[in-house]
Amino acid sequence: MRITINEAAVCLGLPGTLPDAENTVLTSVVTDSRDAGPGALFVCVPGSRVDGHDFAAAAVRQGAAAVLAAGPLPGINVPILVVPDTVKALGQLAGLWRDRTKARVVAVTGTAGKTTLKEVLAQVLSLGGKTARNAMNHNNQIGMPRAVLGTDGDEKFWIMEAGISQQGDMDDLGSVLRPDIAVVLNAGTGHTEGLGEKGVAWHKARLLKYLAKGGKGLVCADYPDLVREARTTETDICFFSGSGRDAEFRAVYAGAAPQGAAVTPSDAYGLYRLWLGGREFDVTAPFRGAYGAENVAAVAAVAHMLGLDLQAIRQGLAQARMPAQRFNQVQAGSWLLIDDTYNANPLSMGRMLDAAAERAAGRPFVAVLGAMLELGSQAAMEHEALGRRLAGLNPSAIVWKGLHAEDVRKGLTLAGYAGPWQVVTDAGEFMKTWQTLQDYGLENKAAKSGGVVLFKGSRSNRLETLVAALSS
């Protein structure tokens with residue numbers, strides 16, 4: 001970004017700043033004083049454990065050019081922009097910089113897979129011009145505006161993810177982004193504890209209300225509630241599908257990619273049939289399983305709408321890489337470890353279980369899972385449903401970490417699962433359990449043709465520590 005301190009003050013509705021601030025240009029925004037340097041605006045963010053106001057002096061010592069604070073800060077010798085709410089003010093500044101960009105802005109939201117979609121889409125669009133995106137899942141009222149303000153301003157495309165967990169979140173994010181294309185990937189049970197009675201689909205579709213002039217919505221047709229809510233926004237919308245529905249853009253899974261079809265080993269990639277711009281053709285993409293069709297259709301649709309040709313879309317998908325902790329596949333002896341540990345909700349959990357079971361294809365399949373959080377009053381019901389779904393996949397063994405073990409076990413029992421089940425609390429217990437499972441005979445079975453282990457759970461379960469233990 002390049003915004004003068006006085007321009008920032010005017011944007012925030014403040015009176016004049018210090019006399020020497022008129023020509024001082026802010027070139028970055030930081031919320032950690034250790035990241036401050038010349039040209040930085042330090043934003044004091046209050047938190048449950050620490051308050052950014054306590055670190056303003058340290059940021060100035062590091063070279064910060066100005067401070068955004070919720071009150072006076074005695075002893076600070078740089079301009080201080082005092083506002084009632086520093087987080088909302090951060091969004092206002094991001095909105096100012098968004099007004100100045102000539103980039104085509106794409107906003108991505110959804111219950112499951114939005115970070116993966118954003119990362120893969122950015123890799124594809126980079127073949128068409130300079131592309132900026134928010135890092136990984138920095139998608140809330142702090143991370144997303146910081147990503148916007150961290151752009152150079154000369155990009156051709158911005159791909160920004162909008163993540164919500166509370167009522168009103170989408171209004172905060174949408175009003176900043178004002179996207180040229182708003183993608184609503186899906187809507188399922190997730191963050192239901194904070195999204196109230198209107199439902200997840202209503203809150204996700206709210207992004208469409210903030211389209212830029214001439215902007216267009218791109219919505220998945222596979223979720224009836226989402227389609228209904230999207231249409232009530234009375235905005236310009238087109239639809240895509242990953243399940244064979246008759247939509248303008250659609251894709252279906254066609255199995256493993258042929259050898260040599262992708263940059264990385266093709267057994268980690270899938271083949272998808274894609275309908276785009278009136279044409280039907282096959283593409284290779286970094287997904288394995290039916291869930292990937294939704295992502296392929298969305299990525300291809302956005303790229304097509306932004307002017308990329310078929311060759312660039314095919315090339316971009318074939319060479320794209322999955323982000324960390326999203327269905328990453330690593331071989332450890334006889335076992336293929338699938339790391340999808342970043343987060344979990346009922347929609348993403350079900351999809352990854354199906355994809356991992358398909359990947360196992362009759363070989364030993366172990367599910368190492370953790371609790372799905374922020375489901376509120378639906379938590380017990382959803383975990384019991386997970387148990388029933390797990391039983392239907394007939395895994396060779398199940399290892400559980402975290403809350404709701406009794407609910408999952410209830411669902412397993414009701415659905416007739418009689419295989420090994422073990423609850424662990426840490427990596428040490430997991431490795432002891434793993435050795436027991438091998439003694440039970442799984443290693444002998446996996447040695448013949450290999451086996452698959454899926455790791456999946458909400459963030460606080462830290463299942464990545466179990467992946468590390470097993471792969472070391």
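This is a predicted model: local features need pLDDT of at least 70, side-chain atom pairs count only at pLDDT 80 or more; totals for chains, interfaces and linings use all residues.
Is Glu234 buried or exposed? Good morning, colleagues. Glu234 is exposed, because its relative accessible area is 73%, and the cut-off for that word is over 50%.

As background, most residues other than glycine have a negative phi.

Glu374 belongs to the loop between β18 (365-370) and α12 (379-393). Here the phi is positive at about 60 degrees, and again the residue is not a glycine. How exposed is Glu374? Glu374 is partly exposed, because its relative accessible area of 37% falls between the limits of 20% and 50%.

Four strands, in the order β3-β4-β5-β6, form an open sheet, and their pairing is parallel. At the edges stand β3 (28-30) and β6 (80-82), each of which pairs on one side only. From one strand to the next, the twist averages 20 degrees. Looking at one pair in detail, β5 (residues 66-69) and β6 are joined in the parallel sense over 3 bridges. Within that pair, Leu68 has Leu81 of β6 as its bridge partner. Which helix packs on this sheet? Helix α3, residues 86-100, does so, touching β3, β4 (40-43) and β5. The direction of α3 makes about 125 degrees with that of β5.

Another sheet has a mixed pairing. This open sheet is formed by 6 strands in the order β16-β17-β21-β18-β19-β20. Its edge strands are β16 and β20 (421-424), and each pairs on one side only. On average, and with direction ignored, neighbouring strands of this sheet are turned by 20 degrees against each other. Helix α13 packs on the sheet, where it touches β19 (397-401) and β20. The angle between the direction of α13 and that of β20 is about 175 degrees.

Strand β16, residues 328-332, pairs with strand β17, residues 335-340, in the antiparallel sense over 5 bridges. Gln331 stands opposite Leu336 in β17. The hairpin has 2 residues between the strands, and Gly333 takes a positive phi near 65 degrees there.

What does Arg409 touch, leaving aside residues up to four places away in sequence? Arg409 touches Tyr417 and Trp421. Arg409 is partly exposed, with a relative accessible area of 31%. For a sense of distance, Arg409 and Gly428 are 19 residues apart in sequence, and their C-alpha atoms are 22 Å apart in space.

Finally, I come to the pockets. How much space lies in the largest pocket? The answer is about 780 Å³. Its lining consists of 39 residues, and those nearest the centre are Thr111, Lys114, Tyr342, Asn343 and Asn345. The elements that give two or more residues to this lining are α4 (114-125), α9 (292-305) and α11 (346-360). Sorted by class, the lining holds 10 nonpolar, 19 polar and 10 charged residues.

The second largest pocket has a volume of about 390 Å³. Among the residues that line this pocket are Thr31, Arg133, Asn134, His138 and Arg146. Which helix gives the most to the lining of the second largest pocket? Helix α5, residues 143-149, gives the most, with 3 residues. By class, this lining divides into 3 nonpolar, 7 polar and 2 charged residues.

To close, I return to the opening pair of glutamates. Glu234 is exposed, whereas Glu374 is partly exposed. Thank you for your attention.

Note on methods
Residues are numbered from 1 along each chain as its sequence is written. Side-chain values use heavy atoms; hydrogens and water are left out. Two strands pair if DSSP finds at least two bridges between them. Axes are lines fitted to C-alpha atoms, for helices over the stretch in contact, and angles run from 0 to 180 degrees between N-to-C directions. Contact means heavy atoms within 4.5 Å. Buried means under 20% relative accessible area, exposed over 50%, partly exposed in between (1.4 Å probe, protein chains only). On a 1 Å grid over the protein atoms alone, a cavity is a set of points where a 1.4 Å probe fits but cannot get out, and a pocket is an open set with protein on both sides within 12 Å along at least five of seven lines; lining residues have an atom within 4 Å of a point. Grid points are joined across faces, edges and corners, and a volume is the space filled by probe spheres set on the points. Ala, Val, Leu, Ile, Met, Phe, Trp, Tyr, Cys and Pro count as nonpolar, Asp, Glu, Lys and Arg as charged, and the others, Gly among them, as polar.
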